[in-house]
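Colleague: I would like to go through the charged side-chain pairs in this model. Please take me through how to read them.

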Amino acid sequence: MSNDIQTSDSQFAAEFNPDVSVEKIAGIYADALIGAVDNNLAQVKEILDEYAQMIQSALDKFPQFEKILGSRLIPAEEKAGIIERTLGGALSQVLLNFFRVLARHERLDCIRAIYAELWKKYDKLAGRIPVVITTAAPIAQDVVDKIAQDLRNFFAGDLLITCKVDPNQIGGLVVRVGDTIYDGSVATQLENIRRNIVKNYAPKQ
């Protein structure tokens, strides 16, 4: 296992491009952190647990501390020192090194975004597929089960089903599988999902 957090110069250069989203930047750093433990699933989960504990005990409890870390008015070197003094004894060497890198590159404002991207990448490593079902009003569990079963016929992996209600949605439902969104009316929703999955995801013979 390597304790170094490495990404290419071209990736870091992308941080300063105003057209690059925070999500993309967070994804770059999340990849670097996962690479530091050689993509080992168990070790990635350990880092996620440690990362979550840091957010809960430091950022959630002390909002001012989070503002200090994210401020561009405080020099990077000073923020690196703050990380050392406040978190050095509580973090593993891998995660401490990682936050040092974030401090040097003025990206401590992305701590939460990176954590979210880490979870996405962990799910992918573990073969887990996030599915979000969004409707204008709550739907019956048997409808959720039917959608889930339909998806399981075409996806090899553990489906993580989440249901959301959005009153602003005009009828029908929206199903997001990973990064792909399927939108349609209640009457045609399942058939549209089936056709799209067969077209885009069915194994090639």
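**Reading the salt bridges**

Modeller: Start with Asp31, which is partly exposed at a relative accessible area of 42%; that class lies between buried (under 20%) and exposed (over 50%), using a 1.4 Å probe and protein chains only. This is a predicted model, in which local features need pLDDT of at least 70 and side-chain atom pairs pLDDT 80 or more, while totals for chains, interfaces and linings use all residues. Residues are numbered from 1 along each chain as its sequence is written, and side-chain values use heavy atoms, without hydrogens and water.

Colleague: Which residue forms a salt bridge with Asp31?

Modeller: Side chains of opposite charge can pair when their charged atoms come close. The criterion for a salt bridge is a side-chain nitrogen of Lys or Arg within 4 Å of a carboxyl oxygen of Asp or Glu. Here the partner of Asp31 is Lys121, with the closest N and O atoms 3.1 Å apart. Asp31 sits in helix H2 and Lys121 in helix H7, so the pair ties together parts 90 residues apart in sequence; helices are DSSP runs (H or I, at least four residues) numbered from the N terminus. Lys121 is partly exposed, at 22% relative accessibility.

Colleague: How many salt bridges does a search of the whole structure find?

Modeller: The search finds 10. Among them is Lys120 with Glu23, at 3.1 Å from N to O. Lys120 belongs to helix H7 (residues 111-125) and Glu23 to helix H2 (residues 22-36), so this pair links parts 97 residues apart in sequence.

Colleague: Is Arg107 buried or exposed?

Modeller: Arg107 is buried, with a relative accessible area of 10%. Its salt-bridge partner is Asp109, the closest N and O atoms being 4.0 Å apart.

Note on methods. Helices (H or I, at least four residues) and strands (E, at least two) are DSSP runs, numbered from the N terminus.
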